[in-house]
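Here is a note for a colleague who is meeting this structure for the first time. Please keep the model open while reading the points below.

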Amino acid sequence: MMIIAQITDTHILPKGQVWLDRPETEVTERLKLVVQHLNNLNPRPDVLLLTGDSVDKGSEEAYQHLKEILKPLSIPLYVIPGNHDDREKMRKAFSAEAYMPEKGFIQYVIDDYPVRLIGLDTHVPNEDYGLLCKERLAWLEKKLKTNPAKPTLLFMHHFPMKVGQRCIDDIICRVEGEFESFLLSSPHVLGIVAGHYHKVSAGLFGGKLCFVAPSVAPSHYFATGEDEFVTAIDLTHPSFVLHRWTNGFQMVSESLQALKFDKRLPMNSLPLYGATLPPCEPSKRAKQSDWNKKEIASPPSRFARRRDRNDDGGDMVC
Ligand SMILES: [Fe+2]
Ligand SMILES: [Fe+2]
């Protein structure tokens with residue numbers, strides 16, 4: 001089992017500045033909340049991928065602020081640039097990291113885990129669209145051929161598939177070469193994970209899963225698929241993703257929201273499920289936080305009755 005966490009499009013600004021000049025966007029607080037949630041996950045993810053647009057305007061001050069917010073993070077972090085990043089300023093900010101290339105594109109291979117991770121640089125200075133040029137594709141092809149037996153996940157900011165949203169489809173990843181057919185003939189590639197859309201989306205590209213993660217910054221709302229611009233900014237909760245690799249070539253991706261605890265209803269606080277909710281794993285349940293330990297007296301629930309009918313005694317909710 002390997003858990004690959006992913007965050008994307010954090011759009012951090014220098015300290016004191018706010019995203020889109022609207023304080024309610026709260027990008028700093030949103031990332032802090034996500035970091036807190038990631039640190040509290042049990043089991044904790046093995047790695048965290050930050051798939052671009054890590055800062056909003058690519059300034060040194062923004063990267064310093066980003067690093068300050070990420071400081072409490074207790075998971076190994078890997079970053080790649082998006083269209084809002086500045087390649088050289090990102091390189092400088094993360095130069096102490098062993099994976100960070102000293103020059104050229106910020107793309108690299110992480111071989112320390114059961115799943116091989118390959119970060120791709122789709123950044124094009126002063127453009128919103130992304131690009132996998134011949135040079136970047138040739139690099140990828142070479143790296144993929146060096147270990148064709150190991151499950152491999154590609155991560156990049158711009159995704160290469162169209163999502164049916166006019167203004168987004170104009171700024172996806174452009175490809176100079178046979179990326180799609182190359183993926184089709186690379187059975188060890190689990191898929192691609194990306195960001196950029198500020199919405200969750202998934203599809204097939206080159207026969208592989210292409211998972212577009214929702215943003216930490218507020219998400220995009222489009223009234224119609226033909227909109228020339230984003231119609232509105234949705235002030236929903238910040239999101240992150242967990243990609244769980246279980247074995248061989250099996251991987252499951254799950255999108256989660258970083259909710260504040262006062263907005264989450266524990267199942268054992270609900271009268272229907274309450275005190276009769278059986279523990280799925282007593283040893284783990286005992287470790288959960290106080291609000292989840294509290295039992296509320298209630299009559300036997302519908303769930304408990306259903307469980308009684310479960311011949312093998314298995315737990316149907318957990
Ligand atoms: Fe973004
Ligand atoms: Fe982007």
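1. Which residue of E3 does Thr 51 stand opposite? Thr 51 stands opposite Ile 80 in E3, and strand E2 (residues 47-51) runs parallel to strand E3 (residues 77-80), the two being joined by 4 bridges. Strands count as paired if DSSP finds at least two bridges between them; helices (H or I, at least four residues) and strands (E, at least two) are DSSP runs, numbered from the N terminus.

2. This is a predicted model, in which local features need pLDDT of at least 70 and side-chain atom pairs count only at pLDDT 80 or more, while totals for chains, interfaces and linings use all residues. Residues are numbered from 1 along each chain as its sequence is written, and chains are lettered from A and ligands numbered from 1 in the order in which they are written.

3. In helix H4 (residues 134-146), Arg 136, Trp 139, Leu 140 and Leu 144 are buried, with 20 or more other C-beta atoms within 10 Å of their own, C-beta atoms being placed from the backbone. Seen down the axis of H4, these buried residues fall within an arc of 130°, taken from the directions from the helix axis to the C-beta atoms, so they line one face of the helix. On the other side of H4, residues including Lys 134, Glu 135 and Lys 142 are exposed, which requires 12 or fewer such atoms.
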